[in-house]
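The sequence and the model are shown next.

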Amino acid sequence: MNEYSTPDEDARLGKNGGSDMPNFEELYEKYATDVLRVSYFYLGDRQRAEDVCQDVFVRLMTNTPELQEGREKAWLLKVALNRCRDLWRGAWVKRVVLGSPTFEMIPAPDDSERREDEDAMMVAIHELPATFREAILLYYYQGYGISEIAEMLELPEGTISSRLSRARKKLEQIIHEGGQAQ
Amino acid sequence: MKSLTNLPDIANRQLGGLEATSVLLAKTKLRAAEAQARQKPKMGRRLAWQPALAICTALVLCLGATLWVTNGTAPITSPIPTQNVLSSRSAGSTEPTAEPHRSSDVPVGSISMSVGGQSSGQTLFADAQGSSFPLISIDGATYRLLRSPSGISTSLLGDELGKVSEFNLEPALGSGGIVSNLVSQGESVYAISGLGGALVAANSEGLLRVFQRVSYAGTAVIGNETLGDTLCSASDVAWLDLAGVGKISNVEDAQHLMQLLLDGSDYMSTGASGTDSLQIGLSNGLTLQLFVGDDAISACGTWSCPDFFEAYHEAVGK
């Protein structure tokens, strides 16, 4: 019915239903912060990022998909990104007309030394078009390979490579123009 | 972009204060439990009637025994109270029923859904509940709850389209069929008579609520659907109200403009956006809601229609 409720999703990401799979709380403990941070990086709205994180784990709990061992995080991030994409599109009016919450850094309490260039890059990534942002977050932040990202986003590998290349150029442009370019 | 390779360190430093806490875990579990509970409401009711019946029976027996003791006589010999417990009425009685009036019971135009001249805030669409607005999804076509009218007469209903096969707080994650995050599993979903794909109705909390076709999760029109397939035909229109411009109350003018809209719109995108609103009053008393922005209207997809707006302004200025 939609782009992220495909019944074959679990199958593509692999299933075995093995008994060695970590339970819900272990998965939450291991991956929820990553899901939350990627969602926040994508949306720039802490409340919505928390909603996405909840949605993802509610789905995990209620639908109990059978995940392939070692691929749990990919499944969680895929569901999170699909949800983010939907919210990003759905919130167009609010974001563009009313103005969305400013994307702000949320450093750990003991991190007193904030670097301006790091701030600038974080903001610039957030300002990238959504498709570029996804590619950058998965490749550079979460460390997935191009083939893994292609599988997660259900796109050809060439498209991912192209998006990464264009994203880097766009990122340089945004940073050089002081975050004003879009 | 040398520093991109350091993004994990940078992001973890800059977002280090953002943690998935145990509070969020507790909220997640609560939501999951609610979702699971709402998916099985009927089973709960089936299981609950037996204990309830047992308690009622015990209460009746206790009450009977108490009366026996206090009167000192067997209750069977006590006079039967003469007070009427049940009332009846002959067939054909003209006594009015207690059924409340609904918007569809009153003449068209008696109820104003909006005030002309107000903009973006004016919408008939119900607000989001959590992350999604209240909706019904039928095989990929999504319908969003309208806050008004709060209930319609069954006389407006067309065919039954099926029953809600899945209750899911996040319908986009549903498994297909008829999915809703508002209407309980097993409830019937109906078409609105004569309106094709624009509106459906279903029971929610005892009232027949109306849902309008909208874009959702990157899906708008399906296959070869046209704008008319997701709205209505011009002959169904009774009035139009474009926020900030004015209301066309003359039926002939409204239908002419609607025809212009249906004939002259070009599909732009699956999204739905806009800062103003266009309401389409139908001859059956219901109202359709569209968003308006940049010479385009949207509800189920965004459609460019500059000629319509030009004609509308002219019609209002007449």
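Contact here means heavy atoms within 4.5 Å. The model is a predicted one. With that cut-off, and leaving aside neighbours within four places in sequence, Gly264(B) is in contact with Ser304(B) and Cys305(B). Gly264(B) sits in the loop between α5 (251-263) and β11 (266-269) of chain B. Along the chain, Gly264(B) and Ser304(B) are 40 residues apart, while their C-alpha atoms are separated by 8.3 Å. Gly264(B) has a relative accessibility of 30%, so it counts as partly exposed.

Chain A has nine helices and zero strands, and its pattern along the sequence reads α-α-α-α-α-α-α-α-α. Of the 182 residues in chain A, 52% are buried. Among contacts in chain A with a separation of 6 or more, 70% are between residues 24 or more positions apart. The accessible surface of chain A is about 8,300 Å², and carbon and sulfur atoms account for 45% of that surface.

Next come the nonpolar cores. In soluble globular proteins, nonpolar side chains tend to be buried together. The largest nonpolar core in this model has 64 residues. Those with the most contacts inside this core are Phe41(A), Phe57(A), Ile125(A), Ile136(A) and Leu7(B). Helix α2(A) gives the most to the core, with 12 residues. What is Ile125(A) in contact with, leaving aside its neighbours within four places in sequence? The partners are Phe41(A), Arg133(A), Ile136(A), Leu137(A), Leu171(A), Leu4(B) and Leu7(B). A second, separate core has 52 residues, including Met258(B), Leu262(B), Ile280(B) and Leu286(B).

Over all chains, the structure holds nine aromatic pairs. One of them joins Tyr28(A) and Phe57(A), with 5.1 Å centre to centre and 70° between the planes, an edge-to-face arrangement. This pair links distant parts of the chain, 29 residues apart: Tyr28(A) is in helix α2 (residues 24-43) of chain A and Phe57(A) in helix α3 (residues 46-63) of chain A. Tyr28(A) counts as buried because its relative accessibility is 4%, and Phe57(A) is buried with a relative accessible area of 0%. In chain B, Phe125(B) and Phe291(B) form a tilted pair, 5.6 Å centre to centre and with 40° between the planes. Phe125(B) lies in the loop between α3 (41-71) and β1 (135-138) of chain B, and Phe291(B) lies in strand β13 (residues 287-293) of chain B, so the pair ties together parts that are 166 residues apart in sequence. Phe125(B) is buried, with a relative accessible area of 1%. Phe291(B) has a relative accessible area of 19% and counts as buried because the cut-off is under 20%.

Ring pairs also link Phe24(A), Tyr28(A) and Phe57(A) into a cluster. Two charged side chains lie over ring faces. Arg133(A) is over the face of Tyr42(A), at 4.8 Å from the ring centre. Lys247(B) is over the face of Trp239(B), at 4.3 Å from the ring centre.

The last group is the charged pairs. Side chains of opposite charge can pair when their charged atoms come close. Over all chains, a search finds 15 salt bridges. In one of them, the closest N and O atoms of Glu25(A) and Lys29(B) are 2.0 Å apart. This pair crosses between chains, from helix α2 of chain A to helix α2 (residues 22-39) of chain B. Glu25(A) is partly exposed at 41% relative accessibility, and Lys29(B) is partly exposed at 30%.

Are Arg85(A) and Glu134(A) buried or exposed? Both are buried, and their side chains meet in a salt bridge (2.5 Å, N to O). The pair links distant parts of the chain, 49 residues apart, with Arg85(A) in helix α4 (residues 72-90) of chain A and Glu134(A) in helix α7 (residues 130-141) of chain A. In chain B, Lys163(B) and Glu160(B) form a salt bridge at 3.4 Å, N to O. Lys163(B) counts as partly exposed at 47% relative accessibility, and Glu160(B) is partly exposed with a relative accessible area of 40%. Finally, salt bridges that share partners join Asp55(A), Arg83(A), Asp86(A) and Arg31(B) into one network.

Definitions and conventions
Residues are numbered from 1 along each chain as its sequence is written. Chains are lettered from A and ligands numbered from 1 in the order in which they are written. This is a predicted model: local features need pLDDT of at least 70, side-chain atom pairs count only at pLDDT 80 or more; totals for chains, interfaces and linings use all residues. Side-chain values use heavy atoms; hydrogens and water are left out. Rings of Phe, Tyr and Trp (its six-membered ring) pair if their centres lie within 6.5 Å; planes under 30 degrees apart count as stacked, over 60 as edge-to-face and the rest as tilted. Helices (H or I, at least four residues) and strands (E, at least two) are DSSP runs, numbered from the N terminus. Buried means under 20% relative accessible area, exposed over 50%, partly exposed in between (1.4 Å probe, protein chains only). A charge sits over a ring if NZ of Lys or CZ of Arg is within 6 Å of the ring centre and within 35 degrees of the ring normal. A nonpolar core is a set of buried Ala, Val, Leu, Ile, Met, Phe, Trp, Tyr and Cys residues joined through side-chain atoms within 4.5 Å. Accessible areas come from the Shrake-Rupley method with a 1.4 Å probe; for residues, only the protein chains shown count as cover. A salt bridge is a side-chain nitrogen of Lys or Arg within 4 Å of a carboxyl oxygen of Asp or Glu.
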